[in-house]
Amino acid sequence: MANNNRNQEDKGASIKLGPKILDLLRKIGEIELENVEINAEEIEIWIPSLSPAILQQVPPSPEIVRGKPTEILKAEFKPPIQTYSGKILEVKLGATKSEGGSRGKTLTIGGERSPAFYLFEETQLNPPIVSVDVFDTEVSLPKSIRTHVQEVLGDPAAWAKLAVDKFNADAVTVHLVSTDPLIKNASARDAARTIEQVLQAVDVPIIVGGCGDPKKDVEVFQKVSEVAAKERVMLSSLTPDMAEAGILGDVCKAAKDNGHVVLAFTALDLNRAKELNRRLYEFLPKESIVMDLTTAALGYGLEYSFSIHERARLAALAGDNELQHPTLSGTTNAWAAREAWMKMGAEWEPRELRGPIWETVTALVLLLAGVDIFMMMHPAAIRTVKDVIKNISGLSHTRREDTDWISIRM
Amino acid sequence: MTERTVKKSIKELSPLDVYKLLPRITPPCAECGEKNCMAFAVKAVTREVALEKCAPLLTEKYKAEYAQLRDLLAPPVKEITVGIGDRSVKIGGKAVQYRHEFTYHNPAPIAIDIADEMSDTQILERVKAIEGFRYNYIGRILKLDMIAVRSSSNDPSRFGAVVQKVAESTTLPLILCSFNPEVIEAGLKTVYTNRPLIYAATENNWSKMAELALKYDCPLVVHVSEDLRMLKSLVKTLVEYGVEDLVLDPGTFVGKGLASTINNFTMIRRSACGGDKLLGFPILGASIAAWKERTEPKELLMWEEACLASILLSRYADVLVMHSLEGWVILPNTIWRFNLYTDPSKPVSVEAGLKIFGAPNEDSPVMITTNYALTFFTVESDIRSANIDCFLIVVDTGGLSVESSVAGRYLTAEIITEVLRKSGIEEKVKHRYLIIPGLAARLSGEIEQLSGWQVLVGPRDSSGIPTFLKDRWPPKKE
């Protein structure tokens, strides 16, 4: 088993160019290559690397004298279906009355058996969902978001209600920013009261966001876990820092005893993500873990997030059982990019569209990489992402008119 | 051409595969500039050097090996050139399906449409706007690449005249769009020497389009909506006809059709990377389809196109036809395209330490930031473009941005104090003023207490650095 895990780890952590040559070079003394002589000196200079490349053209196929076809030559096409040994775990958020909670309904994410929206292979079991961000205290928000939430700033329960009623939120994330020792240092008890109020105001599943300080977050999450017992909230987030500080077990125990889900956060590093998951397995059932692999904004590192999500999902499907968890994107991070909020020249206006399109594109890219749950803010971005999810979660077989954009008269 | 030849993918190819086909002259001729054939083979596999650098290989004696090597190293997605000379663009040439496997090549050119029913003034304005699009993104200039002239009139003489007008006012490579071969030929007649891309051959017009592609020696798009078997059949037919440079268009659909569009693009690319040569051609995405027969307000269609374009770029479009020219629609897509085509092995953090910009002296400003790659590149680009002489201390925050590292306690007063001591900055300047990022403002009191430096809270975004320094540097004595 241990051995097996190690192999999987290798697969998941390093998808690199030319792994086979490493093995080959290792064994070079033992093997005979067909008609090739190599001296040792020549081998040493081979260093595996990914470098900017000069790609070459396919050679023109040899000139064959042939007649030009007079009718269409038939070719066969088979959808390139692959089989996967792994599957993403299903995680349920929220609990209804019959389950001991008070949510109107629960949400299940994950369960994928092929890469995101590969509908030619598998149907999309649980479409991804959107959780809307709510803050427990006045925070600085870009103008184009502030306009939409002006009336509820500072009132997390009212804000949550707005998110559900007006923005059609599947879930709500309450960020307990006020607990930050560097901001208001609000107590765990105050934070728990806020969560109770939000649970009363809306009946969708709740995500509880901490302030980022590992020690304070553990304290707050423990208290919240108790007051929200059996509601199956998700604690956002548990980090390697908590493990290093020796307090991960405390918060895990509180989550497990009260039936909650946890979000395992790591910063763009799959090995650390796996390591953190291994620590969590000591305390929690696997079906209560979601991963946040970090969302960087479009223009501010989104490509790192995109590739790490694709790698994680492919490794999980290939059998890496330490990565088989649904993933979450903190998509609101998109607003960290200057292009999302800054006043620029007239040719880049209106900012009221540039901002939300930034958040939308950040989400769409990660949707295609396999993210299961998005934390978002701008109503237009939320609506678009929900529409796209609906449109791409199932193949529509009604015959469509050909897509002739040549003749469009604008 | 067999449809399914099993060929080693770029991930499996070893330098030995290349080495054994090289001349291996003893002693090494080193004409390529490498020490020996093994060194050359290593670089050929990672595509750092072109085969043609090996002079002996190009001689008659090694003709067979050269052909074998070309085949061995050819990417599963063929590279097609549109346009000529300096302003030509390359389409396709992808070696892998997923970005993390190997750097994607040839950033998908974005073509903006011009309809032949637009007025002369409109056309010239549009050409000017397409050519004039510029954005400085962390020191790189982002631009638009092509013009797609489409015949909404379906009138050959009108199309010919408009194509000529466009070609006279721009050197950007062109896509000529019509399903009517007569219309296409009217356009080709005036610009064929510039090697435009022809859009498109279909089930109905393929033999005439094939003739045009051969006669004028231009690449050709094959368009069959949502029927990959027919698309592939048409490719087989055209290849047999002698047309080698093809681009695939399985159709771009919006709304409920988007699912099938994404699946078609994905199936084509996966098949190609799995060795299906008939599908081993670049894919054309048309976010302009968002504008088809729609009555919604323009802003909504632009919004939809912006989203569609980003989806197509992420799911394997190698060339994109767009209609919107608005900055807020183009900008996220040109930035995402730039990002998508960067080297995936580039680390997420940069080296920490003291960086020097320009020629700072003992009175120059001292600023601090984190070692997240994008944070550093952004700050670096803003400092450079304003020609500021200064010191920048880059703190190792494990590759986290300023906001995240302050929240997660990777950027604290203690850490900053230690870095100030260790960086050697105290010997380089005689003042004791530290400019911290606006997003780390809440650390300022503690930093002053612990380090003895005075803190100036800088802008929240590094684009504000030049103005900030103009107003606040040198600091006024209190």
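# Report on a predicted two-chain model

Chain A contains 14 helices and 10 strands. The model is predicted, and every value below is computed from it. Of the 410 residues in chain A, 50% are buried. Contacts in chain A between residues at least 6 apart in sequence join residues at least 24 apart in 75% of cases.

## The sheet of chain A

An open sheet of 8 strands is present in chain A, with parallel pairing and the strand order S8-S7-S6-S5-S4-S3-S10-S9. Its edges are formed by strand S8 (289-292) and strand S9 (328-330) of chain A, each of which pairs on one side only. On average, and with direction ignored, neighbouring strands of this sheet are turned by 25 degrees against each other.

Within this order, S4 and S3 stand next to one another. Strand S3 (residues 129-135) and strand S4 (residues 171-175) of chain A run parallel and are joined by 5 bridges. Asp133(A) has Thr173(A) in S4(A) as its bridge partner.

Strand S6 (residues 234-238) of chain A includes Ser237(A). The peptide bond that leads from Ser236(A) to Ser237(A) is cis, and its omega is near 5 degrees.

## The interface between the chains

Contact between the two chains involves 91 residues of chain A and 113 residues of chain B. On the side of chain A that touches chain B, the elements giving two or more residues are helices H2 (19-26), H3 (40-44), H11 (302-317), H12 (338-341), H13 (351-369) and H14 (379-392) of chain A. The most is given by H13(A), with 9 residues. By residue class, this side of chain A divides into 55 nonpolar, 18 polar and 18 charged residues.

## A helix pair in chain B

In chain B, helix H4 (residues 120-132) packs against helix H5 (residues 156-169) at an angle of about 35 degrees, and their axes are 10 Å apart. The crossing of H4(B) and H5(B) is right-handed. From H4(B), the contact is made by Asp120(B), Ile123(B), Leu124(B) and Val127(B); from H5(B), by Val162(B), Lys165(B), Val166(B) and Ser169(B). These contact residues of H4(B) and H5(B) comprise 5 nonpolar, 1 polar and 2 charged.

## Backbone features of chain B

A cis peptide bond, with omega of about 0 degrees, links Trp473(B) to Pro474(B). Pro474(B) belongs to the segment after helix H17 (465-472) of chain B.

| Residue | Phi |
|---|---|
| Ala30(B) | near 55 degrees |
| Asn387(B) | about 50 degrees |

Ala30(B) is located in the loop between helix H1 (15-19) and helix H2 (37-45) of chain B. Because Ala30(B) has 13 C-beta neighbours inside 10 Å, this residue counts as partly exposed. Asn387(B) is placed in the loop between helix H12 (373-385) and strand S15 (390-395) of chain B. For Asn387(B), 9 other C-beta atoms lie within 10 Å, so this residue is exposed. The cut-off that applies here is 12 or fewer such atoms for an exposed residue.

Note on methods. Residues numbered from 1 in each chain as written. Chains lettered and ligands numbered in written order. Predicted model: local features only at pLDDT ≥ 70, side-chain atom pairs only at ≥ 80, totals over all residues. Axes fitted to C-alpha atoms, helices over the stretch in contact; angles between N-to-C directions. Helix = DSSP H or I, 4+ residues; strand = E, 2+ residues; numbered from the N terminus. Left-handed = near helix turned anticlockwise from the far one by under 90°. Contact = placed C-beta atoms within 7 Å. Nonpolar A, V, L, I, M, F, W, Y, C, P; charged D, E, K, R; others polar. Buried ≥ 20, exposed ≤ 12 C-beta atoms within 10 Å, placed from the backbone. Pairing = 2+ DSSP bridges.
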